[in-house]
Amino acid sequence: MSTLNKDIDSISSLKANAGSPWDAINPESAARMRAQNKFKTGLDIAKYTAGIMRRDMAEFDKDKTKYTQSLGCWHGFVGQQKLISIKKHFGSTERRYLYLSGWMVAALRSDFGPLPDQSMHEKTSVASLVAELYTFLRQADARELGGLFRELDKAREAGDAAKEADIQSQI
């Protein structure tokens, strides 16, 4: 059973126990929103990302052809567009990362104007860039999930159970 179906069942059970005040809630719509909000805290994001990076480093240690590609980035929208393009071209963003370039942060993100690449920037500039990147990447994920949800609806309308199962596994 897919995660989406498990969430639908869980929310349906909650709805049944709550009674009539929850009549207007569509369990599948709530499950779709849950799929778009995978992480509850920043710590959850860090743990997830650290797991991916550890796996990639272990693969590289075993086989030097399993390198990662880093894409220089200084703005959330730029990062979003880079990863959307990579996913479209390669079908995956696996082993591809956004690199926060020190000179880009110093030159382009400082509230004091362009600074030299000598780690001379406000202590909040990198944190604000990471927050901006996360916001834009969440938008990219929501866009992709929205497309998958539309495909799921079409598969259901067509009565194509195999296609429906495949799309649910992607979600």
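The largest nonpolar core of this predicted model has 10 residues: L4, I8, I11, A31, L145, L148, F149, L152, A155 and I167. A nonpolar core is here a set of buried Ala, Val, Leu, Ile, Met, Phe, Trp, Tyr and Cys residues joined through side-chain atoms within 4.5 Å, where buried means under 20% relative accessible area, exposed over 50% and partly exposed in between (1.4 Å probe, protein chains only). Two or more residues come from each of α1 (3-18) and α6, with α6 giving the most, 5 residues. Helices (H or I, at least four residues) and strands (E, at least two) are DSSP runs, numbered from the N terminus. In soluble globular proteins, nonpolar side chains tend to be buried together.

Buried in α4 are G76, G79, Q80, L83 and I86. Viewed down the helix axis, these buried residues fall within an arc of 130 degrees, so they line one face of α4; the arc is taken from the directions from the helix axis to the C-beta atoms. Their cover includes β1 (69-73), β2 (96-100) and α6. On the other side of α4, K88 and H89 are exposed.

The whole structure holds 2 aromatic pairs, one of them formed by F77 and F136, edge-to-face at 6.1 Å centre to centre with 70 degrees between the planes. This pair links distant parts of the chain, since F77 belongs to α4 (residues 76-90) and F136 to α6 (residues 123-158), 59 residues apart. Rings of Phe, Tyr and Trp (its six-membered ring) pair if their centres lie within 6.5 Å; planes under 30 degrees apart count as stacked, over 60 as edge-to-face and the rest as tilted. F77 is partly exposed, at 41% relative accessible area.

After α4 comes G91, with a positive phi near 85 degrees. In the loop between α4 and β2, R95 also has a positive phi, near 60 degrees, although R95 is not a glycine; R95 is partly exposed, at 23%.

Residues are numbered from 1 along each chain as its sequence is written. Local features need pLDDT of at least 70 and side-chain atom pairs count only at pLDDT 80 or more, while totals for chains, interfaces and linings use all residues, and side-chain values use heavy atoms, leaving out hydrogens and water.

Terms used
Contact means heavy atoms within 4.5 Å.
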